[in-house]
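Visitor: I have a protein model open and would like to learn how to read it. Where do we start?

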Amino acid sequence: MHIAITGTIGSGKSTVSALLKELGYPVFDADLWAKSHYADTAVQEALIERFGESIYVDGVLDTVALATIIFSPDGEADRRYVEGLIHPLVYADLMRLAREAGAPIVFSEVPLLFETHGEEHFDRVLLVTCDESIAQHRLIQQRQMTPERIALRRIHQLDEGYKRAHADDIIENNGDRTTLMRQVATYSDKIKAIHAQNP
């Protein structure tokens, strides 16, 4: 069983992923694999053709420059271009890793799962969510993001209601880490029972 972990920015997806790893599950990170593909020759050539040679500095993608372009108010077309280039490669990676893991239950953290119609690749979807004010506080305190940058990122994410309606399971991450640990443990028991019924 391959389960996608998703949620809006600041919801705590990575913390849930870390807790699932502590419970012994294989958990793969879509963002890490996306970053690795920016070094691919074909991807470099495509991005340089669209954005110019300055998008790479000494062969390394200037992620700040790219984010400034694709998350700008008029960057929709550029964002979709980059996603169309990278996401098929990442989903192929995640499917391969899940097969190679050889575990009965495998997770992949995919931040923009619904936005890229990636849910079709997975058996179930776990949505991690929290109140917007809590997410805002986390992003400002932990990632030093400005409210303006947060707002620009949220513009490109689907409505929370849509994600709730299409997720199989939901973890509400509005409390402390201890509370979240209990929720993840309960979810783990649930998913093991589901797998046992449908091996």
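This is a predicted model: local features need pLDDT of at least 70, side-chain atom pairs count only at pLDDT 80 or more; totals for chains, interfaces and linings use all residues.

Visitor: Which residues of helix α3 are buried?

Guide: Buried means under 20% relative accessible area. Helix α3 covers residues 41–51. Its buried residues are Val-43, Gln-44, Ala-46, Leu-47 and Phe-51.

Visitor: Why do the buried residues of α3 line one face of the helix?

Guide: Start with the general idea. An α-helix has 3.6 residues a turn, so residues three or four places apart point the same way. Now the case here. Look down the axis of α3: the buried residues fall within an arc of 165°, so they line one face.

Visitor: What follows α3?

Guide: Gly-52 does. Its phi is positive, near 95°.

Visitor: Now pick a residue in α5. Is Leu-85 buried, partly exposed or exposed?

Guide: Leu-85 lies in helix α5. Its relative accessibility is 24%, so Leu-85 counts as partly exposed.

Visitor: Which residues does Leu-85 touch, leaving out those up to four places away in sequence?

Guide: Leu-85 touches Val-43, Ala-46 and Leu-47.

Visitor: How far apart are Leu-85 and Leu-127?

Guide: Count in two ways. In sequence, they are 42 residues apart. In space, they are 25 Å apart, C-alpha to C-alpha.

Visitor: Let's step back to the whole protein. How many helices and strands are there?

Guide: The protein has nine helices and seven strands. Of its 199 residues, 44% count as buried.

Visitor: What does the radius of gyration tell us?

Guide: Compare it with the value for a compact globule. With 199 residues, that would be near 16 Å; this protein has 18 Å, which agrees. The C-alpha atoms fill a box of roughly 50 × 40 × 30 Å along the principal axes.

Visitor: What share of contacts joins residues at least 24 apart?

Guide: Take contacts between residues at least 6 apart in sequence. Of these, 75% join residues at least 24 apart.

Definitions and conventions:
Residues are numbered from 1 along each chain as its sequence is written. Side-chain values use heavy atoms; hydrogens and water are left out. Helices (H or I, at least four residues) and strands (E, at least two) are DSSP runs, numbered from the N terminus. The radius of gyration is taken over C-alpha atoms; the globule rule is 2.2 Å times the number of residues to the power 0.38. Buried means under 20% relative accessible area, exposed over 50%, partly exposed in between (1.4 Å probe, protein chains only). Contact means heavy atoms within 4.5 Å. The arc is that of the directions from the helix axis to the C-beta atoms.
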